[in-house]
Each structure stands twice: as structure tokens, then as C-alpha cells.
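Reader: Hi! I'm new to this one, could you walk me through it?
Author: Happy to, let's have a look together.

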Amino acid sequence: MESRTARFTLLVDPKKKEVFEKLCDKDDVTPSQLIRKFMRDYIESHMGPNWQEQVFGNETAKSDIGNTPAISKKKGKRNKT
């Protein structure tokens, strides 16, 4: 499981940021939650479904999944996990 957090600073077009934040708000998710989900999905697509074991070792990061709500495909809905 992740024991610390790290800041990730990125530069984006202000208009895209504004639209992204509005869409996140409509889906009841924070931009940070959605970016973390993107990162998990991207890592899994490259390393496979057992990536957490490779990254976190014996601390099987299954508990990390509960730290960020799963995002549903339906607008405005959030799965509680």
C-alpha cells in the first residue's frame, strides 16, 4: 500500500483545465481522483493486472483501491468500494 503521497505538477491549457474540472464536478469526482484512476489504469495496461504486487511488493495494495472511489461510466454516479 502507498505509505506517502507525492505532488505531481503539470502544466495544462487553462481552458482544458476549466472544462475538465466542470466535467469532474458533474461526475461527482475530484480531478485528483480521476487522474489517479487514469494512472492506475495506464500502469495496469502496461504491467498487467498484478502490477500492484510488482510495485508494492508484499504490501499487496488492494487496500489502496478503497482510498479512491471507483468511477462509474454513468454520469453523476460513483461506485462505493
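Author: One term before we start: helices here are DSSP runs of at least four residues, numbered from the N terminus. Also, this is a predicted model.

Reader: Thanks! How many salt bridges are there in the whole structure?
Author: A search of the whole structure finds 3. One of them joins K17 and E21, whose closest N and O atoms are 2.8 Å apart.

Reader: Where do K17 and E21 lie?
Author: Both are in helix 1, which covers residues 14-26. They are 4 residues apart, about one turn of the helix.

Reader: And what does E18 pair with?
Author: E18 meets K22 in a salt bridge, at 3.2 Å from N to O. These two also lie in helix 1, 4 residues apart.

Reader: Is K22 buried or exposed?
Author: K22 counts as exposed, because its relative accessibility is 52% and the cut-off for exposed is over 50%. E18 is partly exposed, at 43%.

Reader: New topic: how many aromatic pairs turn up?
Author: The search finds 2 aromatic pairs. In one of them, the ring centres of W51 and F56 are 6.2 Å apart and the planes are at 55°, so the pair is tilted.

Reader: Are W51 and F56 buried or exposed?
Author: W51 counts as buried at 5% relative accessibility, and F56 counts as buried at 18%.

Note on methods: Residues numbered from 1 in each chain as written. Predicted model: local features only at pLDDT ≥ 70, side-chain atom pairs only at ≥ 80, totals over all residues. Heavy atoms only, no water. Phe/Tyr/Trp six-rings, centres within 6.5 Å; stacked < 30°, edge-to-face > 60°. Buried < 20%, exposed > 50% of the residue type's maximum accessible area, 1.4 Å probe, protein only. Salt bridge = Lys/Arg side-chain N within 4 Å of Asp/Glu carboxyl O.
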